[in-house]
Amino acid sequence: MTELLTSTADAAAPPRIDADWWRQATVYQIYPRSFADANGDGIGDLPGITSRVDYLARLGVDAVWLSPFYPSALADGGYDVDDYRNVDPRLGTLADFDAMIAALHAAGIRLIVDIVPNHSSDRHEWFRQALASPKGSPERDRYVFRDGLGANGELPPADWTSMFGGPAWEPVGDGQWYLHLFAPEQPDFNWRNKEVREDFLTTLRFWSDRGVDGFRVDVAHALAKHLPEDLPSEAELQAMDRATGTHLLWDRDEVHDIYADWRAVFDEYDPPRIAVAEAWVNPPSRRARYASASGLGQAFNFDLLEADFDAAAFRGIIVDNLDQAAASGSSTTWVFSNHDVVRHATRYGLPPNGDRPRVHNRAWLLSGGAEPALDAAAGLRRARAATLLMLALPGSAYLYQGEELGLGEVAAIPAESRQDPTFFRSPGVDVGRDGCRVPIPWTAAGDSFGFGTADAHLPQPEWFGALSVEAQSEDPSSTLNLYREALALRHRLQTDESLTWADSAEEVLHFRRANGWEAVANFGTTAVPLPAGEVLLASGPIDAAALPPETTVWIKAGS
Ligand code: NOJ
């Protein structure tokens, strides 16, 4: 079902395009500035991606999700967009984009692009116009402006805190302030404004016409806001119920009106363009509306990403999410790593998070001068086991560039090299996300480990060489070859979306797909008997009779 084109019974008829390709796809996230640098300026670019399409094809991914590649001041790694319908000149041109998509499609790989609708960059033409226009003007209405408090508006309209730390309101010098839920360079759009709504439809068509197959929607749950005359305090905001669709900022019910308009655009295309929502909502059942066929169609579930390496936690998450997907008619999404979180090979080498919040952003555990309590070998072993388990599940698997190399988080980034606004806005508290965004190593040695000819824009550590593509490519036991084999098998074995649990010990998860494909994961610290059947693949060394600790196997039940 993941073939780009599926043949029809009638050989004379044109091939039918598989509209459901996304349901069980393996999607590989590329953070373009850190993937491959073709022009030697230290920043990855689109021709770099084109030059690595063979690698992606050999890896066996069905689609690429491309993080923002638009013109940007990089105040937030490209999630501050100057122009939604262009390419950052440092990354290439629209012609380079066309060449990249042609090469991907020729290799049978689809392309999903990131779209950032909650906020633009403060360099966006509309925001410049807003600043140059008076209070109450149509130009200001495209963003969220408010009068400040105090005699001359010298105080913020509210004491709200931004997601990156620091205040969420910024003064513009005439008594008005604008809202930025993220960095000050990322003013929030006013989605009640008709021009904003229409402009995004134009953008969706612009990229769809260029052949993109879908969109990843950034902070999809934040677009609809309701700001009353009297704004609540930060404490009141924090205390507001998020479960009812009535919170002033997050996950409001009317956000789905916006996505109904988007769906109409997606459905203008054949096959319909797909979308996946980044929506951090609670309770998780609220994901269903984002994932519905009349909405975006799919939503990220970050539950595994937030969980410790623990059989009971994994099992509960898998059960819940498959139920939810069935209820919404969508397929679920699995993800362990992305550009916002500590890489899972490192997370699983750190002490369990337990009930502490924000398990995914444990960068602080790797910083601060204290010797980190990191067991890198255990981290990689568990990451391989967890990934192999996940790749046998129904639904789509989202992979993040470099995880197929078993890359860990880079903790040792000097302060002067850091880029993430989180680092600057929460000094000393959170080192931010640069550690998972370091350019990936292609060669074991040489300039920026084959990333390009110049120094990479984030410094790469010495140990990257041993984890490079070159170092792993011919090693049958490497993480890279584990991923290659797993993706090839998965491509062949993914059939229907059902799963049956087999009886197992508490520390073991064992499930079976309809075609007899089974995954068995031992999360425990002692070996367990290996179930009968032909072993197709294992995340680590096994012997004939036993499944070692922290290891997953795929087996084909005897017929
Ligand atoms: C979520 C993105 O994944 C993250 O990288 C970004 O900083 C925020 N949204 C704001 O756009």
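Let's start with the overall build: the protein chain folds into 16 helices and 20 strands, where helices (H or I, at least four residues) and strands (E, at least two) are DSSP runs numbered from the N terminus. The radius of gyration of the chain is 24 Å, close to the 24 Å that the globule rule gives for 559 residues, so the chain is as compact as a globular protein of that length. Here the radius is taken over C-alpha atoms, and the globule rule is 2.2 Å times the number of residues to the power 0.38.

Before going further, a word on what you are looking at. This is a predicted model, in which local features need pLDDT of at least 70 and side-chain atom pairs count only at pLDDT 80 or more, while totals for chains, interfaces and linings use all residues. Residues are numbered from 1 along each chain as its sequence is written, and side-chain values use heavy atoms, with hydrogens and water left out.

How confident is the predictor? The score to look at is pLDDT, the predictor's confidence in each residue, from 0 to 100. The protein chain averages 93, and 93% of the residues score at least 70. Take care with residues 1-11, though: pLDDT stays under 50 there, and the model gives this stretch 29 contacts beyond four places in sequence. A contact means heavy atoms within 4.5 Å.

Now picture the whole chain. Along the principal axes, its C-alpha atoms fill a box of roughly 80 × 65 × 50 Å. Of the 559 residues, 58% are buried; buried means under 20% relative accessible area, exposed over 50%, and partly exposed in between (1.4 Å probe, protein chains only). Among contacts with a separation of 6 or more, 66% link residues 24 or more positions apart.

The accessible surface comes to about 21100 Å², and carbon and sulfur atoms hold 54% of it. Such areas come from the Shrake-Rupley method with a 1.4 Å probe; for residues, only the protein chains shown count as cover. As for charge, the chain has 47 positive and 81 negative charges, whose mean positions are 2 Å apart. Lys and Arg count as positive and Asp and Glu as negative, with His and the chain ends not counted; each charge is placed at NZ of Lys, CZ of Arg, CG of Asp or CD of Glu.

With the overview in place, let's visit some backbone details. A cis peptide bond, with omega about 0°, joins Asp-270 and Pro-271. You can find Pro-271 in the loop between helix H8 (255-266) and strand E10 (274-277). Another cis peptide bond joins Asn-282 and Pro-283, again with omega about 0°, and Pro-283 sits in the loop between E10 and helix H9 (287-291).

Two other residues have a positive phi although neither is a glycine. Ser-448, with phi of about 35°, lies in the loop between helix H14 (421-425) and helix H15 (469-473). At 9% relative accessibility, Ser-448 is buried. Glu-550 has a phi of about 50° and belongs to the loop between strand E19 (546-547) and strand E20 (551-556). Glu-550 is buried too, at 8% relative accessible area.

Leu-388 is part of helix H13 (residues 376-391) and is buried at 2% relative accessibility. Leaving aside residues up to four places away in sequence, Leu-388 touches Leu-482, Ala-486, Leu-537, Ala-538, Ser-539, Thr-552 and Trp-554.

Ala-471, in helix H15, is partly exposed, with a relative accessible area of 34%. Beyond residues up to four places away in sequence, Ala-471 touches Gly-465 and Ala-466. Its C-alpha atom is separated by 48 Å from that of Ala-243, 228 residues apart along the chain.
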